[in-house]
Amino acid sequence: MESRIIGLKGSGKSTLLSALAEGRTDGTIATVRLADERIRRLSEIFKPKKTVYGEFTVMEAVWPDATARKGAMERYLDQIQGAQVFLHVIRAFESPMLADPADPARDLQELDEQFILSDLLAIERAFERARKSPLSDQAKKGLERARDALENDVPLREVEFPDTESQQLRSYAFLTGVPQLLLVNTASGADFQPEALGELVRNRSLVAFPFTEAMEVAQLSEEEQAEFAEAMGLPGPATAIVTQAAFGAMGMISFFTVGEDEVRAWPIKRGTTARQAAGAVHSDIERGFIRAEVVGYEEFMERGSLKACKDSGVLRIEGKEYVVRDGEIVHYRFNV
Ligand SMILES: Nc1nc2c(ncn2[C@@H]2O[C@H](COP(=O)(O)OP(=O)(O)OP(=O)(O)O)[C@@H](O)[C@H]2O)c(=O)[nH]1
Ligand SMILES: [Mg+2]
C-alpha cells in the first residue's frame, strides 16, 4: 500500500515521517507496519516461525518553495501520483520559521483548492486532446460528471460514478479521487477542536496530536510507547493511530492466516469475496479454490484453537462468493 504525506511548507511532514518510521527512514520514505493488536495476540498463541503485519509505504512529498521556479507545482503534483491514500498534514502550531500565524482552516482550504484546480486542468487537457482523437461516450460522460462536481468544489472521492465511467476515468489518476486522512499537528498541550475546520473537513477522518511529541515517543521501545503516549496525553503511538486511520480511510480491512509457520495479516478492500481474497495469498489458491474455512477473531480468541472452533461448530465452511469480514481467520482448501 502506497501513501503520501502531503501538506504545506513547514507543517510537520518530515516530523510525522520520522515518528512513523521509528528510525527506519532514509529521509523521505519509510516502510511502516500496520499496527494490529490482533496479530500480536494470534502470534502469542501459534508461536509461528514468522509473523507478518500489513505494511504501508509512506513517502513525504515536499511542498514547493514560494521562490521555486516555474513548473515546481507540476513536479509536486507528479510526486504524489500513485498514492492510495494521502496523509494530509495541517499546521496548528506557531512556527518561528514561518511568517504566517497558524490558521488550519486557511491551509486546509488552500491545498484542497490546489487539488481541485489540478483535476480541472487535467480534464480540460483531456477535452482538448479529444479534438484530435475523440473520447468514448463513457469517458466523455465521466469527465463531464467529474467537471461538474469539481466546479461545485466537490472532490471526486465523494462522487459515485457508474462502473463504466469510473473504469474510463481511472487512467487520469485524479488527485481529489484519492481518500485522505487529515492529521492536525498541534502545539504540545494544546487541544484542537475539529469544529474549528467546520465544513472543510468534509467526510475525512481527522486526528490531532503534537507531532514533535509523537516523534519522541517513537524513539522508545514498543512496550514503552503505549505507556508514554498515554502519559503525554497522545491518542496512542503515532504508528498505531495513523496506520489504522489511514487503513480505514482507504476502505481496507484485514483477514488473517494462522499456523505454526506463519501468522499473517492480509490487507484487502472491504467487500472482497473469499475467492478474490485468496488471490492476495497466492494466485494458485484463487485458481484452485474449493472452499474457505472461516472463523471470526473474537470467536477464535474465546476458544483458543482451531480444533476447539471446529468442535464447537463456529468454524464455518464458506464458498467463493462469501464476503470476507475484518478480522476473520481464513483457511483455504484448494487444489492445483
Ligand atoms: N512547536 C512545534 N514545532 C513543530 C511541530 N512539528 C514540527 N515542528 C517544527 O516545524 C518545523 C518544520 O517541521 P517539518 O517536519 O520539517 O515540516 P515539513 O512539513 O516537513 O516542512 P517542509 O518539508 O519544509 O515543507 C521544524 O522545525 C519542526 O521542529 C510541533 O508539533 N510543534
Ligand atoms: Mg519536510
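This is a predicted model: local features need pLDDT of at least 70, side-chain atom pairs count only at pLDDT 80 or more; totals for chains, interfaces and linings use all residues.
Q: Thanks! So how do the residues lining the largest pocket divide up?
A: The lining of the largest pocket has 14 nonpolar, eight polar and five charged residues. That makes up a lining of 27 residues.

Q: How much space lies in that largest pocket?
A: About 1,000 Å³.

Q: And which residues lie nearest its centre?
A: Nearest the centre of the largest pocket are R157, G177, V178, P179 and K269.

Q: Which helix gives the most to the lining of the largest pocket?
A: Helix α6, which covers residues 163-169, gives the most, with three residues.

Q: OK, on to the second largest pocket. What volume does it have?
A: The second largest pocket comes to about 650 Å³. A total of 24 residues line it, and E22, R33, A35, E222 and T239 are the ones nearest its centre.

Q: What does its lining look like by class?
A: The second largest pocket is lined by nine nonpolar, six polar and nine charged residues.

Q: Which helices and strands supply at least two residues of that lining?
A: Five elements do, each with at least two residues: β2 (29-33), α2 (37-46), β3 (50-52), α8 (222-231) and α9 (238-249). The largest share comes from α8, with four residues.

Q: You mentioned R33. Where does its charged end sit?
A: The charged end of R33 sits over the ring of Y53, at 4.1 Å from the ring centre.

Q: Speaking of rings, how many aromatic pairs are there?
A: The count comes to eight aromatic pairs. In one of them, W63 and Y76, the ring centres are 5.0 Å apart and the planes stand at 75°, so the pair is edge-to-face. For that label, the planes have to be over 60 degrees apart.

Q: Where do W63 and Y76 lie?
A: W63 is in the loop between β4 (55-60) and α3 (72-79), while Y76 is in helix α3, so the pair ties together parts that are 13 residues apart in sequence.

Q: Are those two buried or exposed?
A: Both W63 and Y76 are buried.

Q: What about F256 and Y297, what kind of aromatic pair do they form?
A: F256 and Y297 form an edge-to-face pair, with 6.4 Å from centre to centre and 75° between the planes. This pair links distant parts of the chain: F256 is in strand β8 (residues 252-257) and Y297 in helix α12 (residues 297-303), 41 residues apart.

Q: Switching topic: how many cavities of 30 Å³ or more does a search of the whole structure find?
A: The search finds one. About 40 Å³ of space lies in the largest cavity.

Q: Which residues line the largest cavity?
A: S3, L20, V32, F56, V58, L87, V242, T243 and A246 line the largest cavity. By class, seven of the lining residues are nonpolar, two are polar and none is charged. Both β4 and α9 supply at least two residues, and α9 gives the most, with three.

Q: I also spotted A249. Where does it lie?
A: A249 lies in helix α9. With a relative accessible area of 24%, A249 is partly exposed.

Q: What is A249 in contact with, leaving aside its neighbours within four places in sequence?
A: With those neighbours set aside, A249 is in contact with V85, P179 and Q180. The C-alpha atoms of A249 and L181 are 6.4 Å apart, although 68 residues separate them along the chain.

Q: Last one: where is L156, in which loop?
A: L156 is in the loop between α5 (137-151) and α6. At 7% relative accessibility, L156 counts as buried. Leaving aside neighbours within four places in sequence, L156 is in contact with D119, A146, A149, L150, F161, F174, T176 and G177.

Q: And how far apart are L156 and A280?
A: L156 and A280 are 124 residues apart in sequence, and 28 Å apart in space from C-alpha to C-alpha.

Notes. Residues are numbered from 1 along each chain as its sequence is written. Chains are lettered from A and ligands numbered from 1 in the order in which they are written. Side-chain values use heavy atoms; hydrogens and water are left out. On a 1 Å grid over the protein atoms alone, a cavity is a set of points where a 1.4 Å probe fits but cannot get out, and a pocket is an open set with protein on both sides within 12 Å along at least five of seven lines; lining residues have an atom within 4 Å of a point. Grid points are joined across faces, edges and corners, and a volume is the space filled by probe spheres set on the points. Ala, Val, Leu, Ile, Met, Phe, Trp, Tyr, Cys and Pro count as nonpolar, Asp, Glu, Lys and Arg as charged, and the others, Gly among them, as polar. Rings of Phe, Tyr and Trp (its six-membered ring) pair if their centres lie within 6.5 Å; planes under 30 degrees apart count as stacked, over 60 as edge-to-face and the rest as tilted. Buried means under 20% relative accessible area, exposed over 50%, partly exposed in between (1.4 Å probe, protein chains only). A charge sits over a ring if NZ of Lys or CZ of Arg is within 6 Å of the ring centre and within 35 degrees of the ring normal. Contact means heavy atoms within 4.5 Å.
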